[in-house]
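Subject: Structure handover

Hello,

Please find the structure below. My notes on what was found in it follow.

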Amino acid sequence: MSARTVTIHYNDKIVRQFLLASIIWGVVGMLVGVLIASQLNFWRVNFDLPWLTFGRLRPLHTNAVIFAFVGNMMFAGVYYSTQRLVKARLASDFLSQLHFWGWQLIIVSAAITLPLGFSRGKEYAELIWPINIAVAGIWVVFAVNFFWTLARRQERALYVAIWFYIATIITVAMLYIVNHLSLPTSLTHSYPVFGGVQDALVQWWYGHNAVAFFLTTPILGIMYYFVPKAAERPVYSYRLSVIHFWSLVFVYIWAGPHHLLNTALPSWLQILGMTFSLMLWAPSWGGMLNGLLTLRGAWHKLRTEPVLKFFAAAVTFYGMATFEGPLLSIRSVNALAHYSDWIIGHVHAGALGWNGFMAAGMIYWLVPRLWNKPLYSNSLANVHFWIGTVGILLYVAAMWVSGITQGLMLNATTEGGTVLAYPNFLDTLNSIRPLMALRIVGGTLYLAGFLLLAYNVFRTLQGAQVVDGAAEVFVDETPEVRVGVRGTFINPPVVFAILGTLFACAWMFGGDFTKLAGLFGTITCVILAWLHFQSKTQGWADWYERLLVNAAPFTVLTFMAVAAGGLIQIIPTTIVNRAQNVEDRIQVPYTPLELAGRDIFISEGCYNCHSQMIRTLVPDVMRYGDYSRLGESIYDHPYQWGSRRIGPDLARVGGKYPDSWHFKHMMDPRAISPGSNMPNYPWLFDTDTDVAALPSKLSVQRTLGVPYAALTPAEIQTQVDVQAQEIVTRLRESDIQVKPSREIVAVIAFLQKLGKSELVPAKPAAVQP
């Protein structure tokens, strides 16, 4: 055996860059958040400008907070902690800089395109296809730099934080690529390859797990590194961290369907999502307890050290949010909470409390070490903590009360359940206005606290000298013991896990006999695994220790754990979401003009306020019409079921009102619906519909399976002109003058099509011999 000692100089320049970018984008994202919260209460704050409306700015807010603020903070924490945990400098300074500047360019591109109305119309996945390619490319740069660094590590065993970073890198790549698969129609527009129920499932498989693997797992890795460092205490339980990691990455990926309860999603997927969501209570709270108990013996430091205050509060908010999430996935609770502000409160408890406070604690801990200067003011940091905490509590409490109030009002009936108690949607909206105003106060307080952080950091940096960390490392040049395929996969832990999963799937999805066999097999696997573990505990531990010194097999097993749930959910829907397999109704494809109107609707971000999914709930049916069928959105690329009802559902609005109603409603919503908080859309009356783009759009739609005939540009123009003239003629009868080429005409055509479907003949029953 040979060994030597070397001095490693860490690349902390990249950490400083990402940290400062996180602060800047955090201020931007939170400022936009306060603005759009104000727009919900004061419609004039939309300023009658297309690039400042709620529908366009809300995606800017979510993307800025998730990918710009938390993303930059995550990269700073990962790069700082990884170098020290593996005792190696980042593999490539060039890749590090490419990662940083590429990511900032992506953020700037999003900040420009989203307010301009370039959107894919899917929550947290609005960015247009060229930007998505850039995101995937920069993520690969990040992955190469990270795994290359692991390959050059001097510390052979992978610490728990590294496990979470590995899960983040491979899972986010998988989620992002699948959900963003699109066919372009132009440089700024595309249609997703999935449609209808399959698009809904893939979207929330991505949307839910973007929260899991972009906002949770990397921050948990940061927690496992920075909390012990700040508290000067070891992690409470190594065994608990092992259980926490593997159960979380396996269970989380299955829970996405709980966003689609009581909808047209097949019931087995709804049950699956709810079941796995409830199972998330255990690993989530295991991680929370591991984080909080790491502070044992250091609680007295919370009185004087703001870093520990932020960390302790962040982990507590994580526990609260991960308790509330499974609760909201229970079908009866979801019937009340979904489409309401309760969901908004739940999301912000995690974003502001968990992500925001972890970011603040990490920033306050890193700044003195990266610039070799004490923090300018601990007192300001303490003020930030208390202002931020009060802001979160006001915000979340307002949204809880608002959501429950609106949910109860919308579901309330009288006369034995035969009449809606509040038939006018605006009655429920006006009742929660004071609570929406309180949300503005809470958000403003949180923003003020973060501005204090920015000022505190700015004053600290004045006159400071940057410093890069260094360490003397003992280099052991003994060849590593490799774990081959047999050692990785053919061993009791993996075999029991795979067999248990297969039996559980048979239990959940099989026929009567298969269910019984699956249940018996699952129970048998659990008992045998437990007995084997009790008798061969050291053997299991030795296998895991060998696994931790081999990053590649560990990564493969992690990928298998996260990929299983997605495959089992998505593949069956490729069969269900076909015209020959729908229920009693099938969607009538949009005409060219209606398709143009739908794209305008999506561009304006109307899906942020209006759903197009009538749930299988009596109050929904009484308010909006017959419940939505799977086949009624089968040709929708993207789907538009929505996740929030700031306005009423539109699934069956077609034909409900005359064309003149829609015309006046888009010009001045309050002229039609007094008390509405919807913005005006005057530009729709002055801008021409982009008919020239329709040939490419219809061609892509045909490729995706929508039954359009092959039309020439002239034939498309003729169809558009005929339908537009019909609408203009009807408007003229109401003394409304408008050119047939205007976008408002296309939007009216689309709105009047909603809810139109064809009956599907019932299939003859099979004749029993």
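A salt bridge is a side-chain nitrogen of Lys or Arg within 4 Å of a carboxyl oxygen of Asp or Glu. By that definition, the side chains of Arg645 and Asp620 form a salt bridge, with 3.1 Å from N to O. Arg645 sits in the loop between helix H23 (618–624) and helix H24 (659–667), while Asp620 belongs to helix H23, so the pair ties together parts that are 25 residues apart in sequence. Arg645 counts as buried, at 3% relative accessibility, and Asp620 is buried too, with a relative accessible area of 4%. Please keep in mind that this is a predicted model.

Other salt bridges

The structure holds 24 salt bridges. Side chains of opposite charge can pair when their charged atoms come close.

One of the pairs is Arg58 with Glu123, where the N to O distance is 2.8 Å. This pair links distant parts of the chain, 65 residues apart: Arg58 is in helix H2 (residues 54–86), and Glu123 is in the loop between helix H3 (93–113) and helix H4 (129–151). Are these residues buried or exposed? Arg58 has 14% relative accessibility and therefore counts as buried. Glu123 is buried as well, with a relative accessible area of 8%.

Glu232 counts as exposed because its relative accessibility is 59%. Lys301 counts as buried because its relative accessibility is 13%.

There is also a network of salt bridges, which links Asp584, Arg585, Asp626, Arg629, Glu632 and Arg652.

Domains 1 and 3

The protein chain is divided into domain 1 (5–474), domain 2 (488–581) and domain 3 (585–759). Between the C-alpha centres of domain 1 and domain 3 there are 34 Å. How many residues of domain 1 are in contact with domain 3? The number is 67, and they are in contact with 53 residues of domain 3. The two domains bury about 4900 Å² between them, and 60% of that area is on carbon and sulfur atoms.

Between domain 1 and domain 3 there are 27 residue pairs in polar contact. On the side of domain 1 that touches domain 3, helix H6 (residues 196–213) gives the most, with six residues. By type, the residues of that side of domain 1 are 33 nonpolar, 24 polar and 10 charged. Two salt bridges are counted between domain 1 and domain 3. Separately, Asp341 forms a salt bridge with Arg644, and their closest N and O atoms are 2.8 Å apart.

Arg742 is placed in the loop between helix H27 (713–732) and helix H28 (743–753). With 16% relative accessibility, Arg742 counts as buried. Its side chain is joined to that of Asp688 by a polar contact of 2.7 Å. Leaving out residues up to four places away in sequence, Arg742 touches Leu684, Phe685, Asp686, Thr687, Asp688 and Thr689.

Ser38 is part of helix H1 (residues 13–41). Ser38 also counts as buried, at 14% relative accessibility. Which residues does Ser38 touch, not counting those up to four places away in sequence? They are Val45 and Ile440.

Gln465 is in the loop between helix H16 (433–461) and strand E6 (470–476). At 59% relative accessibility, Gln465 counts as exposed. Apart from neighbours within four places in sequence, Gln465 is in contact with Leu370, Trp371 and Asn372. Between Gln465 and Phe118 there are 347 residues in sequence and 43 Å in space, C-alpha to C-alpha.

Regards

Key:
Residues are numbered from 1 along each chain as its sequence is written. This is a predicted model: local features need pLDDT of at least 70, side-chain atom pairs count only at pLDDT 80 or more; totals for chains, interfaces and linings use all residues. Side-chain values use heavy atoms; hydrogens and water are left out. Domain bounds come from an automatic or database domain assignment. Contact means heavy atoms within 4.5 Å. Buried area is the accessible area (1.4 Å probe) that two parts lose on being put together, summed over both. A polar contact is a pair of N or O atoms within 3.5 Å; within protein, one must be able to donate a hydrogen and the other to accept it, and residues adjacent in sequence count only if both atoms are side-chain atoms. Helices (H or I, at least four residues) and strands (E, at least two) are DSSP runs, numbered from the N terminus. Ala, Val, Leu, Ile, Met, Phe, Trp, Tyr, Cys and Pro count as nonpolar, Asp, Glu, Lys and Arg as charged, and the others, Gly among them, as polar. Buried means under 20% relative accessible area, exposed over 50%, partly exposed in between (1.4 Å probe, protein chains only).
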